[in-house]
Amino acid sequence: MKKVISASLFNKDHAAYHKYAMGAPRTARFMERSMPDWKFRLYYDDTAPMDIIKSLKSFSNTELVECDRAKGRAGCFWRYLAFDDCDIAVCRDLDFRVQE
């Protein structure tokens, strides 16, 4: 059974970096430690901070899906693509921490 928590990351805005981008490695780390039977899937485009994307490659539980550059707020909806190929999908904002 494939279980995924998915999120979207786009926009290089400085405020968005601290509010959203920093949440991605935090989520991956928590899930690797506490939810080993789940995957963390991040949909992103070329406006996402590449330091964050590179750091996520070190997590075995993380799937990175590169998308075409978002137009407006369209990137907010990428996370729902997980419903297409997962048995269980939970779609989250990166500023909402996954907790035990």
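Beyond its neighbours within four places in sequence, A24 makes contact with F40, L42, I52, L56 and L94. In this predicted model, A24 belongs to helix α2, which spans residues 23-34. The relative accessibility of A24 is 0%, and A24 is therefore classed as buried. F40 lies 16 residues from A24 along the chain, and the C-alpha atoms of A24 and F40 are 8.9 Å apart.

The chain as a whole contains 3 helices and 4 strands. Read from the N terminus, these elements follow the order β-α-α-β-α-β-β. The radius of gyration of the chain, 12 Å, is close to the 13 Å given by the globule rule for 100 residues, so the chain is as compact as a globular protein of that length. Along the principal axes, the C-alpha atoms occupy a box of roughly 35 × 25 × 20 Å. Of the 100 residues in the chain, 46% are buried. Among contacts with a separation of 6 or more, 73% join residues 24 or more positions apart.

The largest pocket has a volume of about 320 Å³ and a lining of 16 residues. Nearest the centre of this pocket are S8, F10, Y20, R73 and C76. Two or more lining residues come from each of β1 (3-9) and α1 (14-21), with α1 giving the most, 4 residues. By residue class, the lining comprises 9 nonpolar, 3 polar and 4 charged residues.

Terms used. Residues numbered from 1 in each chain as written. Predicted model: local features only at pLDDT ≥ 70, side-chain atom pairs only at ≥ 80, totals over all residues. Heavy atoms only, no water. Buried < 20%, exposed > 50% of the residue type's maximum accessible area, 1.4 Å probe, protein only. Contact = heavy atoms within 4.5 Å. 1 Å grid on protein atoms, 1.4 Å probe; cavity = no way out; pocket = protein on both sides within 12 Å on 5 of 7 lines; lining within 4 Å. Points joined across faces, edges and corners; volume = space filled by probe spheres on them. Nonpolar A, V, L, I, M, F, W, Y, C, P; charged D, E, K, R; others polar. Rg over C-alpha atoms; globule rule 2.2 N^0.38 Å.
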